[in-house]
Amino acid sequence: MVNTGVISGSGNLMDFLDEPFPDVGTYEDFHTIDWLREKSRDTDRHRKITSKSKESIWEFIKSLLDAWSGWAVMLLIGLLAGTLAGVIDLAVDWMTDLKEGICLSAFWYSHEQCCWTSNETTFEDRDKCPLWQKWSELLVNQSEGASAYILNYLMYILWALLFAFLAVSLVRVFAPYACGSGIPEIKTILSGFIIRGYLGKWTLLIKTVTLVLVVSSGLSLGKEGPLVHVACCCGNFFSSLFSKYSKNEGKRREVLSAAAAAGVSVAFGAPIGGVLFSLEEVSYYFPLKTLWRSFFAALVAAFTLRSINPFGNSRLVLFYVEYHTPWYMAELFPFILLGVFGGLWGTLFIRCNIAWCRRRKTTKLGKYPVLEVIAVTAITAIVAYPNPYTRRSTSELISELFNDCGALESSQLCDYINDPNMTRPVDDIPDRPAGVGVYTAIWQLALALIFKIIITIFTFGMKIPSGLFIPSMAVGAMAGRMVGIGVEQLAYHHHDWIIFRNWCRPGADCVTPGLYAMVGAAACLGGVTRMTVSLVVIMFELTGGLEYIVPLMAAAVTSKWVADAFGKEGIYEAHIHLNGYPFLDVKDEFTHRTLATDVMRPRRGEPPLSVLTQDSMTVEDVETLIKETDYNGFPVVVSRDSERLIGFAQRRELILAIKNARQRQEGIVSDSVMYFTEEPPELPANSPQPLKLRRVLNLSPFTVTDHTPMETVVDIFRKLGLRQCLVTRSGRLLGIITKKDVLRHMAQMANQDPESIMFN
């Protein structure tokens, strides 16, 4: 007999789930989102707004605001990311110079700004002005001699230690997620993983402040990678202001993809390179609409940074250069050699850095992050100060290495022996024999190169914000500049050789060493990150010259080929695997001939699959099942005998639904029967009121048969962003495959430890 009175009397109450209740559709920390479900929810929301817009003018205006909210978010991200990048650049410039001295007229001026404002500065002595005093001049009134040198040396080390200690302390106390470059985690988040707090307001604030401190301390790291994290924090903050993005994790990730593009745009002054970087390197799901919005966000960010003009040269980066000499076919050989060097350096760096980071994780070293940062900073400062090429900031070093030697250059690298009879325009200086300064500079660069290679391995991965773009570019630029000088001198002294005869006549300006530095920088950055297209575009946006695309492409492709010969993983993928993040890389190939039945759970000898039945379990039964297991969801079947699949219910939504029903619906007790069908089951007259939960049931869960090849299953998980997939045979439920199972199986097939996947 059916309890009709109860049912008809409370039909409205029992369907209360037709109204969405709080927190439904949200995910717990360290869980993966369901892309298909998020897409479907957004389509429903859009359909509802479109139908309502025809009802009144106000609804029509609301639909327009909804449509434009995406562009508004991009505008806000661009403005904030550009402003923060400008502030970081200005602060780094001042604090880097603070290690060497102070401006007497205004202590907040950097060395360059201080001497700009001075009326007593001459062009020849543009780096010296009475208003700027080194610490030895200020404290003991001496500028030359051993005591002055030692005092300046000590002050340099003390400032570096102070900056590094402040940075690591702030990260440790206020925002542990602010450490590292952030790109491996952002790649994982964009693939659908939830890491609460990683893109929060505290992380944004602390990362911005500590980024200034660590770059100023002189450690071998850059600000470019962390700027992507900073921009994504801005994206997360602004997307939380609009319900369209805050209530849909899939839509939020579209915003974060565009924010990553804005981050690279301000890091390198390369808006198009930023969009391509987001597409090639970071994003998992990148629809055409996101491409346009990324372009807009990158444009606004670059425009904002240009308005701030942090370097005073109307450029977006410190190392912008322009070359006037064309390159020749014979030079492709040294360019390709630099590509080989970049690939070898990338492989060496990845292997050594991952080995060191693994050691940090598995030994007592990881328990003393502050001590590690202080020790590495002290070693860096002590070794860096005596060499002028390691003492200065890495961006300034790259800028000098990229520079073409003009008539007004005072750098050691431009100390050539001039012909006194030379009468030529300033821009077209012929190749000349190297002077004493050039040979000194080569020795210093060789020592700096060895030091940079070693110290960067230990610096990247410490508990401070640390980017890898700038140190990698510095290694390549030093190697490239030395090769460039070598080719230039070879061409000058042996211009009658067959390879130089056609294009390098005596008195001609044939070889540009700065171009070799740029090609070397691109090769080393490509070797470490395995970027190709976006890397070439970023580099040519830096130089403003389309003419040099072919050398850059040759070096980038060669470095990728060489590095891929030793291992397919770039540094970010390697760190994702080291940390055990659940990231299914689109670039990985799965070629093993296993089937879904080999991977699904339960396996032989394991307890049967935990399932819900459509109309025979009580609230207490379901609560007990939830308490005793830690699964993210449960398949719903007709009955335990038939095992015919009906749908899938998420754990979190079951908990919320039962909690809300107890609060808002009278008569729901532990003995109430739960049903997922349209009509309630037949119940005795005195039974408590049943609870209808059809609303939380996914009626179209993704299923495969037990004989589906795992190659297809892996492809489905990648392309559809699934959390789990049910395995059936003739409609009967056999088991379940989760993303965790797929990752473990892939690790097992690659002879790796399957337990290294730290999903929770």
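Which hand does the link of Cys 103 and Cys 114 have about the S-S bond? Keep that in mind while you select the two residues, for with 75 degrees about the S-S bond their link is right-handed.

This is a predicted model, in which local features need pLDDT of at least 70 and side-chain atom pairs count only at pLDDT 80 or more, while totals for chains, interfaces and linings use all residues. Residues are numbered from 1 along each chain as its sequence is written, and side-chain values use heavy atoms, with hydrogens and water left out.

**The cysteines**

Stay with Cys 103 and Cys 114, which form a disulfide (a pair of cysteine sulfur atoms within 2.5 Å) with their sulfur atoms 2.1 Å apart. Cys 103 belongs to strand S1 (residues 101–103) and Cys 114 to helix H5 (residues 111–117), so that the pair links parts of the chain 11 residues apart; helices (H or I, at least four residues) and strands (E, at least two) are DSSP runs, numbered from the N terminus. Both Cys 103 and Cys 114 are buried, where buried means under 20% relative accessible area, exposed means over 50%, and partly exposed lies in between (1.4 Å probe, protein chains only).

Select Cys 179 next: this residue is in no disulfide, and the nearest cysteine sulfur, that of Cys 357, is 11 Å away. At 16% relative accessibility, Cys 179 counts as buried.

**The aromatic rings**

The structure holds 23 aromatic pairs, and rings of Phe, Tyr and Trp (its six-membered ring) pair if their centres lie within 6.5 Å, with planes under 30 degrees apart counted as stacked, over 60 as edge-to-face and the rest as tilted. One of these pairs is formed by Phe 30 and Phe 193, a tilted pair with 6.1 Å from centre to centre and 45 degrees between the planes. Phe 30 lies in the loop between helix H2 (11–14) and helix H3 (35–52), whereas Phe 193 lies in the loop between helix H8 (183–190) and helix H9 (201–216), 163 residues apart. Phe 30 is partly exposed, at 24% relative accessible area, but Phe 193 is buried, at 1%.

Now select Trp 94, Phe 107, Trp 108 and Tyr 109, which ring pairs link into a cluster.

**Charges over rings**

Move to Arg 391, whose charged end sits over the ring of Tyr 385, 4.1 Å from its centre; a charge sits over a ring if NZ of Lys or CZ of Arg is within 6 Å of the ring centre and within 35 degrees of the ring normal. Finish at Trp 71, where Arg 293 lies over the face, at 5.4 Å from the ring centre.
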